[in-house]
Amino acid sequence: MLKVEELTYNYISHFCDFEKDLVLTNHFHSDWEADILIINEQGISHEIEIKFSRADFKNDFKKQYQNTQTKEKFLKHDKISCGDYPCNYFSFLIPQGMLEAQEIPENCGIIEFDHNPDSWQTTFYEIRKPQKIHGDPFWNFFDKDLMLKMMARNLYFKKLEIKGKFEELILPPKFSAKK
């Protein structure tokens, strides 16, 4: 069975320009999470949500989030459909034939994939382009410099974690690493 990490790698390898795009995977920011988040040079962003089953897809519409500043509770897809969402575009990446297009909200893009386990080839099909949620750059919603600093910090902590070096630090880190 194809793992989500392998699918993510295949997708971003095929469609992302790492010299021009900021590509984040499993990105948590403020009060939301993105499986794949692509931000181009102009700050236009596209969130891609990966779903492997109907149940997982249906549960995505029940996810409740809370705004960290206002404490307002909301459903992610209500925010997307009314244009009150940080990303410019939103798509689902799903196995070929898992859902009918009419089961997916019209504003969401649909990208289907077919994985051949014998050749280990994954093919992607854009079934429907996503509708623009809004025209504002991603950086109007988030501080770009702060976000890049946080990403660099997280990468450094991940490196320490992989090397098993956290325990060897004499002084405690200024920010605690999440495990």
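**Walking through the model**

Analyst: Mean pLDDT for the protein is 87, and 91% of its residues reach 70 or more; pLDDT is the predictor's confidence in each residue, from 0 to 100. This is a predicted model, in which local features need pLDDT of at least 70 and side-chain atom pairs count only at pLDDT 80 or more, while totals for chains, interfaces and linings use all residues. Residues are numbered from 1 along each chain as its sequence is written, and side-chain values use heavy atoms, with hydrogens and water left out.

User: OK, packing. Which residues touch the most other members in the largest nonpolar core?

Analyst: Trp32, Leu37, Phe92, Ile94, Ile104 and Phe138, out of 21 residues in that core. The elements giving two or more residues to it are β2 (32-39) and β6 (89-95), and β2 has the largest share with 4 residues. A nonpolar core means buried Ala, Val, Leu, Ile, Met, Phe, Trp, Tyr and Cys residues joined through side-chain atoms within 4.5 Å. Buried is under 20% relative accessible area, exposed is over 50%, and partly exposed is in between (1.4 Å probe, protein chains only).

User: And what is phenylalanine 138 in contact with?

Analyst: Leaving aside neighbours within four places in sequence, phenylalanine 138 contacts Trp32, Leu37, Ile39, Gly43, Ser45, Pro86, Cys87, Asn88 and Met147. Contact means heavy atoms within 4.5 Å. Apart from this core there is another one of 14 residues, including Leu2, Ile36, Ile50 and Phe113.

User: Switching topic: where is histidine 134, and is it buried or exposed?

Analyst: Histidine 134 is in the loop between β8 (121-128) and α4 (144-163). It counts as buried because its relative accessible area is 11%.

User: Which backbone oxygens does the side chain of histidine 134 reach?

Analyst: Two to mention: the backbone oxygen of proline 86 at 3.5 Å and that of cysteine 87 at 3.2 Å. Not counting residues up to four places away in sequence, histidine 134 touches Gly83, Tyr85, Pro86, Cys87, Asn88 and Phe141.

User: Now the charges. How many salt bridges does a search of the whole structure find?

Analyst: The search finds 11, a salt bridge being a side-chain nitrogen of Lys or Arg within 4 Å of a carboxyl oxygen of Asp or Glu. One of them joins lysine 63 and glutamate 49, at 3.7 Å from N to O. Lysine 63 is in the loop between α2 (54-60) and β4, and glutamate 49 is in strand β3 (residues 45-50), 14 residues apart.

User: What else forms a salt bridge with glutamate 49?

Analyst: Lysine 76 does, with the closest N and O atoms 3.2 Å apart. Lysine 76 is in helix α3 (residues 76-82), 27 residues from glutamate 49, and both residues are buried. Glu47, Glu49, Lys51, Asp56, Asp60, Lys63 and Lys76 are linked in a network of salt bridges.

User: And which glutamate does lysine 79 meet in a salt bridge?

Analyst: Glutamate 72, at 3.4 Å from N to O. Lysine 79 is buried at 11% relative accessible area, whereas glutamate 72 is partly exposed at 35%.

Key
A polar contact is a pair of N or O atoms within 3.5 Å; within protein, one must be able to donate a hydrogen and the other to accept it, and residues adjacent in sequence count only if both atoms are side-chain atoms.
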